[in-house]
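Subject: Structure handover

Hello,

Here is the structure I am passing on to you. Please open it first, then read the notes below.

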Amino acid sequence: MDMEQESEWNAAQNISISENLLDAAKRQLQFLEVVDRNRWLYEGPALQWAIYRYNACWLPLLAKHSESPITEGPLVVPLDCEWVWHCHRLNPVRYKSDCEEFYGKILDNCNVASSVQGISKSETEEIWNKLYPDEPYDFDMTRAFSTEFSEAVSRPHVKSDLFLEAAVARYKGFLHIIRRNRERSVKRFCVPTYDIDLIWHTHQLHPASYCKDLTELIGKVLEHDDTDQNRAKGQKLDTGFSETTKQWEETFGSRYWRAGAMYRGAAPSPVATIPCIPEIAASKSDSTGGFERLIDGPKTSYIEVLLEFVEIKNLPESNKGKVNVLFSKAQPDGIFNVKRKLTIQSETGQKQVAIFQCQPSGYLLFELVSQSTKAKTIGTCYISMEEFFGPVYKLSVERWLDLAPSSGTVGSELISLRVAASCTLPIPAPHVAQMLQTSRITTRFCFSPLSSMVRFTKSWSLILDAAGDEIIRLRMRELKRTKSTDKSSTKEIHARTKAGETLVVGQFIGQEWSLLDSVWSLKPENTTNKDSALLLTGPHMVKLVTGRKLDYEPKHVHKQTNERNFMTAIEFSVDHPYGKAVALIDLKTGLLTLQEDWFALAGIVSAFVASKHFHKGRT
């Protein structure tokens, strides 16, 4: 950032905003989480009725309240009306026009409380019922859909103060660019990244302040259009985003693209259209039945990194236009274990970035290599992760790095590489395990009627962690049918610990598995859904469904990939009535990705059972 660019950035940060956008953004994120648990608000008759209630009940009540407060405390807006009001305010020009046409002024949210803030609604409900005796204050329906924006801002890092503070600063930078364009009569459709868009939405949810601030800044209320979702090359969004990126980086000398703030593709397909809430709430009690000592791997975390090589200096003429950069972790960390290649923008004239995940420790190593048949390393440099997570956390770094020349490289001046990297805050990494069967196991499907023969598997299935170390061994043992009741155990799953101890971790009783000392029950789900397979109940309710679902849904499907090789474990709860992915099981390779600690051992044993069915079906 040179002096002129720094001056532009400082001018942007001096933009006056009437609201505390950081605190308001947190409230918006909390509200969006609640709306996503009530997806009947997204479409269909429920949404149409919510719009009617908003127009016929809420806006007149709000107008009355804005003239003279009708409650001692804040007016509490019903959830369905709040969602429609939220959407209406995100079209600020239309909202201003509608309010002025029907009520003579902008209806603001001053002295109004969200329905999700825990503030008593009794006073508001009493007034509502007097004004609208035939229309109850609370409204509930069951319809489901999802929205791209809500999915994009629902990731854990978005809630952090550090991310939101940077987003507010970048939003001011975005407004500054729009102001400069108006001053210079430049017509440009500026497109925000998702962090900027979150703060832009937050600002619009305070309509009086938004209209005042934007009128003072650019002489008009800035329109906001979320209806265009066509991101194809050459279309309005694509062109606008490219032009905004170029202008931002020329104006401020910093990168516009930011880790954790980029478009991630369409929201995944829902797995449920009706909310599924277990009769028994999820328990915080032990979910391992005292077997927690079997899973004692170290806790790790990971970050998302967005990396870009901006420019290079002192590159010999013979190498210009003929170099790339290989990047890797100096020491593989179990999450990012490969070398990847990236171009340099000043050499190609094109912006190229890499987005990857790694542990927030060690060093990112960069190797400048020639583009020859046999790539030759010209020099190396690195960035320590302590630059992000030292005494003071910062989410972006951009600076020149001098390359240490490789042996045999001759040059009068040191080659320098300008590296830009941003990252998200660390979050817990999933447990990754590999299930290996030492030989083909020829047991019957676990939920089928059993023969009266006694048969032992001759080999154990090894469960290894990401480092290749053994976690546990599992095998299934078929027992001789007895004359006792149908509830007698007819199969058992044995576990052998690293200490050589053998334990029973599962028993097949009747038509279901009792796992981990009867803490969990695993059985086929009684449903006609072709994707459903197994139902796991206990301290939590989890459905194991066929295919890669929700967070694991592939953005690009390869024809060679058979979705029936995968199962996704999906938790259903009060907080996640439409499902939350907690594990992915690759039945073909035996690879397990387990997101939650409480599901680690239960997930491994359930995957072991599911793999028996899978391999039996392939024989």
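How many disulfides does the count come to? It comes to 0, where a disulfide is a pair of cysteine sulfur atoms within 2.5 Å. Take C423: its sulfur lies 8.3 Å from the closest cysteine sulfur, that of C358, which is too far for a bond. C423 is also buried, at 2% relative accessibility. (Buried means under 20% relative accessible area, exposed over 50%, and partly exposed in between, with a 1.4 Å probe and protein chains only.) C381 is buried too, with a relative accessible area of 5%.

Some ground rules. This is a predicted model: local features need pLDDT of at least 70, side-chain atom pairs count only at pLDDT 80 or more, and totals for chains, interfaces and linings use all residues. Residues are numbered from 1 along each chain as its sequence is written, and side-chain values use heavy atoms, with hydrogens and water left out.

Now the cores. A nonpolar core is a set of buried Ala, Val, Leu, Ile, Met, Phe, Trp, Tyr and Cys residues joined through side-chain atoms within 4.5 Å. The largest one has 75 residues, and Y171, F309, F366 and L368 touch the most other members. Helix α8 (residues 161–183) gives this core its largest share, 10 residues. (Helices are DSSP runs of H or I with at least four residues, strands are runs of E with at least two, and both are numbered from the N terminus.) Beyond its neighbours within four places in sequence, F366 is in contact (heavy atoms within 4.5 Å) with residues including L307, F309, C381 and V419. A second, separate core has 38 residues, among them M435, I472, F508 and L592.

Next, a helix pair. The axes of α2 (residues 21–36) and α9 (residues 194–204) come within 9 Å and cross at roughly 95 degrees. So α2 is roughly perpendicular to α9, a label for angles of 65 to 115 degrees. Axes are lines fitted to C-alpha atoms, for helices over the stretch in contact, and angles run from 0 to 180 degrees between N-to-C directions. L21, A24, A25, Q28 and L29 of α2 meet L198, I199, H201, T202 and H203 of α9.

Most residues other than glycine have a negative phi. N314, not a glycine, has a positive phi of about 65 degrees. N314 sits in the loop between β3 (301–313) and β4 (323–329) and is partly exposed, at 36%. L550 is not a glycine either, and its phi is positive, about 50 degrees. L550 lies between β22 (541–546) and β23 (566–572), in a loop, and is buried, at 12%.

Best wishes

Key
Angles under 35 degrees count as roughly parallel, over 145 as roughly antiparallel, 65 to 115 as roughly perpendicular and the rest as oblique.
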